[in-house]
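Welcome, and thanks for coming along on this tour. Please have your viewer ready, with the selection tool at hand.

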Amino acid sequence: MKKVKFFGLFLGFILIFSQVITAKTSSVFQERNRLFKSKLSESLRTQLRKTKNKNKRLPVILEFKKLKQKENLNLLKEYINYKKYYYQKYIQKYTHVYKNFPFIATKLTPKEIEHFINLDKVKKIEYDEKVTLKSENTNYWYGILKARNDFKLTGKKDLNKEYNKEDCVIAILDTGIDATHKDLKGKVIGWKDVVNGVPFPYDEVGHGTHIASIATGTGASNPYLKGVAPGAALVGVKVVKRDGSSSATILLDGLDWILTNKEVYGIKILNMSLGIAINTDGTDIISKAANIAVEKGLVVVTAAGNGGPMKYT
């Protein structure tokens with residue numbers, strides 16, 4: 001009889017213990033799923049589902065709650081740097097630390113991603129999306145010609161014939177600018193090549209020159225094809241490669257440089273005639289970077305609607 005009672009108590013204990021373990025396990029999985037949904041972008045969740053090799057490093061951008069980049073970078077180093085040389089030899093060359101945004105771009109394994117979403121200091125992690133060119137622009141149908149004629153504004157703000165920072169200065173984030181183009185002669189007063197590090201303006205694709213001409217072309221080659229503000233000056237920022245490809249990381253590098261140097265060149269407007277590989281509701285990292293640029297006094301102009309008809313286009 002005692003054996004039966006003991007056995008019954010033992011089974012009861014096992015049952016209660018298993019229920020507690022099951023409840024805890026369920027709670028852990030629920031929290032993990034909550035973090036995945038709230039802290040990982042939809043496209044990164046998709047990439048993680050597709051990734052069979054758990055050692056594969058995915059290009060990501062971490063968004064931190066505060067713009068304390070030394071502390072944020074140390075969080076990254078402390079976890080990834082299993083061996084003293086590992087970060088310096090491998091991860092460092094893929095890591096971009098931005099001055100004006102609380103973002104760090106790098107490459108992480110699925111296990112490392114899961115570690116970082118559990119950190120309170122990390123707000124969100126996004127996949128480093130591809131960026132593509134958008135060419136659809138027009139002068140007439142958007143009322144540009146009428147506005148220029150009605151308000152007599154050209155972008156030229158002083159009597160100096162040479163273009164300078166006192167004029168309306170537009171930063172073009174694109175494939176570059178051909179500063180020798182007849183309609184853009186003397187206009188490029190600043191330049192940054194994020195892609196190749198070339199110290200002088202160039203454009204082997206032509207898209208950035210096309211956009212710069214729409215914005216500021218003088219009409220020297222054809223008086224009927226003047227730009228929106230023919231008296232404005234330009235700052236060229238090359239963020240697109242020769243094959244027309246780019247990434248969110250490279251684009252952020254260009255935006256970061258503009259915000260750091262906007263007072264040097266008197267930048268008032270920045271233009272991004274580019275498209276990102278996802279449809280967004282404005283909560284993605286690139287949109288947040290654009291919002292920060294607006295908060296810092298810039299007028300941000302972007303391409304829109306080229307990918308429709310789809311949600312958010």
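Start by selecting Gly208, which sits in helix H7 (residues 207–216). Helices here are DSSP runs of H or I with at least four residues, strands are runs of E with at least two, and both are numbered from the N terminus. You are looking at a predicted model, in which local features need pLDDT of at least 70, side-chain atom pairs count only at pLDDT 80 or more, and totals for chains, interfaces and linings use all residues. Residues are numbered from 1 along each chain as its sequence is written, and side-chain values use heavy atoms, with hydrogens and water left out.

Is Gly208 buried or exposed? Gly208 counts as buried because its relative accessibility is 0%; buried means under 20% relative accessible area, exposed over 50%, and partly exposed in between, using a 1.4 Å probe and protein chains only.

Now show what surrounds Gly208. Leaving aside neighbours within four places in sequence, Gly208 is in contact with Ile172, Asp174, Thr175, Gly176, Ile177 and Asp203, where contact means heavy atoms within 4.5 Å.

Next, select Ser43, in helix H2 (residues 42–50). Ser43 has a relative accessible area of 15%, so this residue is buried. Beyond its neighbours within four places in sequence, Ser43 touches Tyr127, Glu129 and Ile278.

H3 brings Leu75, Leu76, Tyr79 and Ile80 to the contact, and H5 brings Lys111, Glu112, His115 and Phe116.

Finally, zoom out to the whole chain. How many helices and strands does the chain have? There are 9 helices and 12 strands. Of its 313 residues, 42% count as buried. Among the contacts with a separation of 6 or more, 77% come from residues 24 or more positions apart.
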